[in-house]
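Please read them with the structure open beside you.

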Amino acid sequence: MIELRNVNKWYGDYHALVDVSETIPSGEVVVVCGPSGSGKSTLIRTMNRLEEIQSGQILLNGRDVHGRDQDLNALRAGIGFVFQQFNLFPHLTVLENCTLAAIKLGKMTPAQARERAMALLERVGLAHKAEAIPSQLSGGQQQRVAIARALTLQPPILLLDEPTSALDPEMVGEVLLVMRDLARDGMTMVCVTHEMGFAREVADRVIFMDQGAVLERAKPQDFFTRPQHPRTQKFLADIRSPFETNTP
Ligand SMILES: Nc1ncnc2c1ncn2[C@@H]1O[C@H](COP(=O)(O)OP(=O)(O)O)[C@@H](O)[C@H]1O
Ligand SMILES: [Mg+2]
């Protein structure tokens with residue numbers, strides 16, 4: 001489904017992705033974690049070419065994402081992306097936010113796009129907010145809309161970059177539940193998140209990054225109970241609350 005082969009990226013002199021190779025089969029849910037600045041956002045942004053790479057290859061269903069002849073609009077339409085800051089258009093209704101790309105790209109008729117978007121809004125529990133504008137919604141509701149929007153074009157893969165990090169704590173759960181349901185329905189997902197409970201329950205695999213490199217990849221039960229790399233061990237110790245004495 002998605003394959004990274006020896007991907008390297010520099011921001012000027014800074015080596016932001018160091019020889020990353022990963023294969024993510026269809027239906028797999030991968031959680032990417034690691035310290036701030038380790039390259040997590042950079043990694044998933046290269047997967048839909050929001051960032052360029054300098055060497056290596058990224059293949060999505062056999063298509064070279066960074067190929068010279070790649071049509072960027074078509075490429076991005078085929079990959080759902082959810083940002084930390086929702087990025088909804090403030091002057092458009094919830095429904096218009098969801099249908100905009102599909103209609104603009106000519107992928108669906110307006111009627112088809114609306115039908116599809118309404119089904120997705122239903123799924124994230126927000127069909128009744130279709131005519132609202134984003135500022136009338138809570139943060140958690142806005143992020144659920146952003147997820148519905150990302151799915152309108154029926155992408156084979158959904159990328160999420162810290163989708164709950166900008167939310168007030170009481171809204172994190174509703175977004176994680178939507179993500180869990182998508183995962184259970186077989187959606188291929190790559191999610192950068194610090195929600196280790198989500199990783200433990202939902203991920204098929206956890207990837208740990210540090211300084212632009214993938215240092216460890218493991219099934220959640222192994223990752224949390226037997227982290228191999230010293231830096232993974234330190235990371236897991238560091239994210240543990242200093243007020244909890246029990247191990248995660
Ligand atoms: N547009 C950019 N220009 C220069 N350096 C960047 C840019 N974006 C990110 N970086 C640097 O690349 C490193 C990885 O950043 P990022 O992928 O955002 O990390 P993470 O998401 O793990 O916090 C950081 O050191 C960051 O400062
Ligand atoms: Mg980031």
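**Notes on the sheets and the ligand shell**

1. Strand β3 (residues 29-33) pairs with strand β8 (residues 188-192) in the parallel sense, over four bridges. Within this pair, V32 has V192 of β8 as its bridge partner. Strands here are DSSP runs of E with at least two residues and helices are runs of H or I with at least four residues, both numbered from the N terminus, and two strands count as paired if DSSP finds at least two bridges between them.

2. A word on the basis of these comments: this is a predicted model, in which local features need pLDDT of at least 70 and side-chain atom pairs count only at pLDDT 80 or more, while totals for chains, interfaces and linings use all residues. Residues are numbered from 1 along each chain as its sequence is written, chains are lettered from A and ligands numbered from 1 in the order in which they are written, and side-chain values use heavy atoms, with hydrogens and water left out.

3. The β3 and β8 strands belong to an open sheet of six strands, with mixed pairing and the order β6-β7-β8-β3-β9-β10. Because β6 (80-82) and β10 (213-218) stand at the edges with a single partner strand each, one side of each is left without a neighbour in the sheet. On average, and with direction ignored, neighbouring strands of this sheet are turned by 15° against each other; axes are lines fitted to C-alpha atoms, for helices over the stretch in contact, and angles run from 0 to 180 degrees between N-to-C directions.

4. Two helices deserve a look against this sheet. Helix α5 (residues 139-151) packs on the sheet and touches β6 and β7 (157-161), its direction making about 165° with that of β6, where contact means heavy atoms within 4.5 Å. Helix α9 (residues 230-239) lies across β3, β9 (205-210) and β10, and runs at about 100° to β9.

5. Four strands form another open sheet, with antiparallel pairing and the order β2-β1-β4-β5. Its edge strands, β2 (14-24) and β5 (63-64), each pair on one side only. Between β1 (residues 2-11) and β2 there are seven bridges, and L4 has E22 of β2 as its bridge partner. The two strands form a hairpin with two residues between them, and G12 in the turn has a positive phi of about 60°.

6. On the β4 side, β1 and β4 are joined by five bridges in the antiparallel sense, with R5 facing Q57 of β4 as its bridge partner and I2 likewise partnered by L60. Strand β4 (residues 55-60) is in turn joined to β5 by two bridges, running antiparallel, and L60 has R63 of β5 as its partner there.

7. Which residues surround ligand 1? They are Y11, Y14, P35, S36, G37, S38, G39, K40, S41 and T42, each with a heavy atom within 4 Å of the ligand. The shell divides into three nonpolar, six polar and one charged residue, and helix α1 (residues 40-47) gives the most to it, with three residues.

8. Polar backbone atoms approach oxygen atoms of ligand 1 at 2.7 Å from G37, at 3.1 Å from S38 and at 3.0 Å from G39. Taken alone, ligand 1 exposes 570 Å², of which the protein buries 58%, with accessible areas from the Shrake-Rupley method and a 1.4 Å probe.

Conventions: Polar contact = N/O pair within 3.5 Å; in protein donor to acceptor, adjacent residues only side chain to side chain. Nonpolar A, V, L, I, M, F, W, Y, C, P; charged D, E, K, R; others polar.
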